[in-house]
Amino acid sequence: TKDCPWSPLQPSSTDIECAAPWSSQTWFHAGGWEGPDDCFQEDYCIYTNRNLNGGLAVISSEKSMHGIASHSLYPPDVKQEVGPGAFYPAQVPGKGIGLIANRTIRKGEIIMQRTPCLLVEFDSEDSELAKKARKESYEKALARLPDATRELFMAQIGDDVVAKVDRNAFRLFLGDNEGHVASYPEVSRFNHDCRPNLHYRLKNLTHTTVAVRDIEKGEELTISYIEGMIPYAERQERLESWGFKCACDACKADSALEIAASDGHLKEIERIEAELEEKIGNKEDIETDTPDRLIKLYLDEKLDSYVAHAYTKAALLSSMFGDEEKTTRYAMLAVEALEREYGPNTKDAESMLGLAEKPTEHWSWGIRAVGWKTVKVMQ
Ligand SMILES: C[S@@+](CC[C@H](N)C(=O)[O-])C[C@H]1O[C@@H](n2cnc3c(N)ncnc32)[C@H](O)[C@@H]1O
């Protein structure tokens, strides 16, 4: 191998097999990586790529850096996103700035797809020294980014650079590497809602937000910062540990009755799903309205961002009961929801598409039509 032509401003036209300056190992330099710089605590250094969508600064160990450099090469999976004209920032009572729809946004539309501008390997130590080291290293890393990107980072909520990461960044796990926190300054404007109208997914370095139901002009665009299928009290606790008192509609519920009804929906979903598993395992009869009841609970509770697996179950159950219309309908809804939640071309979506197209040829078709003892009665 030869030395890499290591300049962030001169991306190599083709991948060149060469030795990265921070490593004795052979490495594919795809242009643009600079580092290691300003190392601290032995192994942590700053690596910068100013060519990657507005620039990316990484604070990481050498080992993790190998994975990051290869992940950063993956292209985004996206169709066209809605563009900035589809929403605008505005003050939202009790929540600070949020993003508001400027037109009707349809279920499935991609709102934003971004790569991070700052990526930091998890530091479990929370000592004052670690905090000081964090502040200094974040400032040094940010200083290496283009001005416009640094300004976007600094516009995030939080008193200093450490608080801006803590209050806004997402956790990211890249293959076998250590966990990282990733800052996406534009994504940071989405406020939390326990029943959000957007779903987000993180794949490689890319953060994608997609509408999970139709959104009216004037509605706030929201994501959930926490797992949504947990009861009210637990959600309050988790959000308070995030440092704020939640002002979303589900948290501001007017009465104990409303809260109990919402928690009741979650319990009922859990009960039905556990019962399904048990009954299928024991080959016991299942009521034929179970798929409809399950989906209705998810939608009544506005859990649209978690509905992919419920549609998948509903499609399979309908197929087991030999109901062609419902099988096709639920399988197509599963395909759409799986793409929203996990991105295009997943194995699960492919399998649901197969079920929707040829329900009667699927392994599940009709096997529960007349009880377990009669397998494949609907030939
Ligand atoms: C990622 S930022 C969201 C954008 C932020 N509102 C701003 O002004 O830049 C997270 C912060 O927004 C506020 N926030 C987000 N969702 C909220 C909610 N449901 N209720 C109250 N405050 C919220 C909290 O201050 C939280 O720490």
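This is a predicted model: local features need pLDDT of at least 70, side-chain atom pairs count only at pLDDT 80 or more; totals for chains, interfaces and linings use all residues.

Colleague: How many of the residues of α8 are buried?

Modeller: Of its 13 residues, 12 are buried, so α8 is largely enclosed by the rest of the structure. Among them are Ala-308, Ala-310, Tyr-311 and Thr-312, and the list also includes Lys-313, Leu-316, Leu-317 and Met-320. For the protein chain, with its 379 residues, 35% count as buried.

Colleague: What span should α8 have, and what is the distance between its end C-alpha atoms?

Modeller: At 1.5 Å a residue, the 13 residues of α8 should span 18 Å, and because the end C-alpha atoms are 19 Å apart, the two values agree. After α8 comes Gly-322, whose phi is positive, near 75 degrees.

Colleague: How should I read the packing of one helix on another?

Modeller: Two packed helices are described by the angle between their axes and by the distance between those axes. Here helix α8 (residues 308–320) packs with helix α10 (residues 347–357) at an angle of about 30 degrees, the axes being 11 Å apart, and the crossing of the two is left-handed.

Colleague: Which residues make that contact?

Modeller: From α8 come Thr-312, Ala-315 and Ser-319, while α10 gives Asp-348, Met-352 and Leu-355. By class, the residues of the contact between α8 and α10 are three nonpolar, two polar and one charged. As for the spacing along a helix, an α-helix has 3.6 residues a turn, so residues three or four places apart point the same way.

Colleague: Now to the domains: where do their bounds fall, and how far apart are their centres?

Modeller: The domain assignment gives domain 1 (33–223) and domain 2 (256–361), and the C-alpha centres of domain 1 and domain 2 lie 32 Å apart. Their contact takes 10 residues from domain 1 and nine residues from domain 2.

Colleague: Which element gives the most to the side of domain 1 that touches domain 2?

Modeller: That is strand β14 (residues 198–203), with three residues. By class, this side of domain 1 has three nonpolar, two polar and five charged residues.

Colleague: And how would you place these details within the whole chain?

Modeller: The secondary structure of the protein chain comes to 10 helices and 16 strands. Of the contacts with a separation of 6 or more, 59% are between residues 24 or more positions apart.

How values were computed: Residues are numbered from 1 along each chain as its sequence is written. Axes are lines fitted to C-alpha atoms, for helices over the stretch in contact, and angles run from 0 to 180 degrees between N-to-C directions. Helices (H or I, at least four residues) and strands (E, at least two) are DSSP runs, numbered from the N terminus. A crossing is left-handed if the near helix is turned anticlockwise from the far one by less than a right angle, and right-handed if clockwise. Two residues are in contact if their C-beta atoms, placed from the backbone, lie within 7 Å. Ala, Val, Leu, Ile, Met, Phe, Trp, Tyr, Cys and Pro count as nonpolar, Asp, Glu, Lys and Arg as charged, and the others, Gly among them, as polar. Domain bounds come from an automatic or database domain assignment. The expected span of a helix is 1.5 Å times one less than its number of residues. A residue is buried if 20 or more other C-beta atoms lie within 10 Å of its own, exposed if 12 or fewer, and partly exposed in between; C-beta atoms are placed from the backbone.
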